[in-house]
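Here is a short report on packing and pairing in one chain. Keep the structure open while reading.

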Amino acid sequence: MNDQQRRRPAKPHRRPRKDPVRFLAFEALRAVDERDAYANLVLPPLLKKARAKGDFDSRDAALATELVYGTLRRQGTYDAIVAACIDRPLREVDPPVLDVLNMGVHQLLGTRIPTHAAVSASVELARVVLGEGRAKFVNAVLRKVSADDLDGWVAKVAPSYEEDAEDHLAVVHSHPRWVVSALWDALGGGRAGIEDLLEVDNERPEVTLVARPGRSTTDELLTALGDENGLPGRWSPYAVRMAEGGEPGALTAVQEGRAGVQDEGSQLVAAALANAPVEGGDSRWLDGCAGPGGKAALLAALAAGRGAALLAAEKQPHRARLVERALAGNPGPYQVITADGTRPPWQPGSFDRVLMDVPCSGLGALRRRPEARWRRRKEDLENFAPLQRGLLREALKAVRVGGVVGYATCSPHLAETRVVVEDVLKGRGGQPVEAEWVDARPLMPGVPALGDGPDVQLWPHLHGTDAMYLALLRRTA
């Protein structure tokens with residue numbers, strides 16, 4: 001080193017620049033990890049706050065949303081790629097560092113953001129939230145990742161299909177292996193069907209609206225959305241799809257509670273129960289697990305059109321308040337109560353129709369809640385099982401002879417669907433129940449690929465809905 005080099009002043013320290021979009025996405029990812037929060041609940045208030053401060057426009061909000069959901073959906077694949085680029089077990093990487101890395105990998109391999117911009121923006125974020133030392137680690141890893149594209153990396157880190165089919169699908173399509181196995185068992189068939197399902201699970205679902213009958217119409221919603229953004233539902237007569245996304249809460253009908261956001265599969269389940277033939281009167285309906293209120297609001301509207309009354313019961317007080325909000329303004333008689341469906345306050349045989357949409361693993365809604373696939377464990381099914389069976393038994397007690405019960409889950413897992421129904425009907429773990437299956441397929445007219453019946457399983461890749469399950473049972477004694 002010569003004298004001139006010795007005298008050269010050091011470069012002034014530069015404070016890292018805070019990128020509001022990536023910082024917000026990082027905040028959302030940390031909330032999902034640290035608080036077991038759901039992205040669809042955490043992200044909207046963060047975006048609203050950023051817009052209020054003037055930091056965000058619509059393009060910023062779209063990018064932040066893509067970074068959060070894309071990173072969560074592809075977490076399994078990205079974890080495998082990062083693991084191949086570091087010299088330590090992945091579990092030894094601190095979760096905040098892994099969030100920054102995976103978000104960077106998503107920008108490199110899952111978006112059109114240029115390589116230099118994806119790396120530099122991720123390193124700058126690391127400087128802000130992790131410090132200079134860890135930022136250097138992030139830089140080194142992402143530069144290794146940038147040496148190949150997604151297909152090239154998957155070919156390196158995933159076992160071949162012939163070697164281990166389930167593990168191959170788990171890495172390629174970013175699902176835990178046990179979830180791949182469970183979905184494959186429920187779906188049946190060969191490779192094509194399960195790959196189609198797993199691919200759709202990683203796509204952003206359309207926003208679907210419900211026009212609550214007697215309070216709104218699909219024509220009103222389509223007119224409000226305009227030709228560019230409004231599409232009729234595929235199957236439900238009450239559904240309207242928002243083709244370009246947008247903000248449902250900006251619609252007058254949604255603001256007034258005459259319409260709402262509701263997956264088309266959820267609408268089909270409620271409508272099928274409402275249209276199932278019952279013997280005798282039809283004036284008292286029950287939603288025994290009503291929170292957060294989407295199905296209850298549609299049932300209340302349908303009941304009102306026939307002069308029937310709905311009782312909506314929800315165990316959790318905060319969810320019961322959501323049900324009250326969803327049903328507010330319904331023209332027909334209804335009541336919302338906080339009650340445990342396994343220890344009901346109502347008398348046996350009190351209702352003509354009962355819906356029991358039971359708590360479950362949520363494996364049917366992984367498009368909407370991608371973090372659920374990493375949060376759930378196979379052992380969780382054992383915890384749900386007694387509750388699901390208990391709720392179905394009480395539902396069958398609550399309905400009168402000749403009335404109909406709808407058992408529904410947002411999961412296609414056989415242990416949460418048909419196995420539960422068969423166990424209850426056969427008296428496994430309790431007294432046998434005198435009830436018969438009602439074929440649910442004719443009650444979803446026009447919907448294809450509903451299986452052999454009498455129960456129905458909807459699928460994202462076949463129907464564009466959540467993977468809702470419905471069994472209809474008529475009490476016979």
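This is a predicted model: local features need pLDDT of at least 70, side-chain atom pairs count only at pLDDT 80 or more; totals for chains, interfaces and linings use all residues.

Two strands pair if DSSP finds at least two bridges between them.

β2 and β3 are joined by three bridges in the antiparallel sense. Within this region, P232 stands opposite V240 in β3.

The loop between β2 (230–232) and β3 (239–242) holds S236. Is S236 buried or exposed? S236 has a relative accessible area of 5%. The cut-off for buried is under 20%, so S236 counts as buried. Beyond its neighbours within four places in sequence, S236 is in contact with E264, Q267 and L268. With Q267 there is a polar contact, side chain to side chain, at 2.8 Å.

**A helix crossing**

Now to the pair α4 and α6. Two packed helices are described by the angle between their axes and the distance between the axes. Helix α4 (residues 58–73) and helix α6 (residues 95–109) pack at about 105 degrees, and their axes are 9 Å apart. Angles of 65 to 115 degrees count as roughly perpendicular. α4 and α6 are therefore roughly perpendicular to each other. From α4, the contact is made by E66, L67, G70 and T71. From α6 come N102, M103, H106 and Q107. By class, the residues of this contact are two nonpolar, five polar and one charged.

**D79 and N102**

D79 lies in helix α5 (residues 75–84). D79 is buried, with a relative accessible area of 16%. D79 and N102 are 23 residues apart in sequence. In space, their C-alpha atoms are 7.1 Å apart. Their side chains make a polar contact at 2.9 Å.

| Residue | Relative accessible area | Side-chain partner | Distance |
|---|---|---|---|
| D79 | 16% | N102 | 2.9 Å |
| S236 | 5% | Q267 | 2.8 Å |

**Two helices with buried residues**

Helix α9 (residues 150–157) has G152, W153 and V154 as its buried residues. These pack against α5, α6, α8 (132–145) and α10 (165–173). The list includes α5, the helix that holds D79.

Helix α20 (residues 418–426) has V420, V421, D423, V424 and L425 as its buried residues. Their packing partners are α19 (380–398), β9 (399–409), β10 (435–438) and β12 (469–475). After α20 comes G427. The phi of G427 is positive, near 80 degrees.

Notes
Residues are numbered from 1 along each chain as its sequence is written. Side-chain values use heavy atoms; hydrogens and water are left out. Axes are lines fitted to C-alpha atoms, for helices over the stretch in contact, and angles run from 0 to 180 degrees between N-to-C directions. Helices (H or I, at least four residues) and strands (E, at least two) are DSSP runs, numbered from the N terminus. Angles under 35 degrees count as roughly parallel, over 145 as roughly antiparallel, 65 to 115 as roughly perpendicular and the rest as oblique. Contact means heavy atoms within 4.5 Å. Ala, Val, Leu, Ile, Met, Phe, Trp, Tyr, Cys and Pro count as nonpolar, Asp, Glu, Lys and Arg as charged, and the others, Gly among them, as polar. Buried means under 20% relative accessible area, exposed over 50%, partly exposed in between (1.4 Å probe, protein chains only). A polar contact is a pair of N or O atoms within 3.5 Å; within protein, one must be able to donate a hydrogen and the other to accept it, and residues adjacent in sequence count only if both atoms are side-chain atoms.
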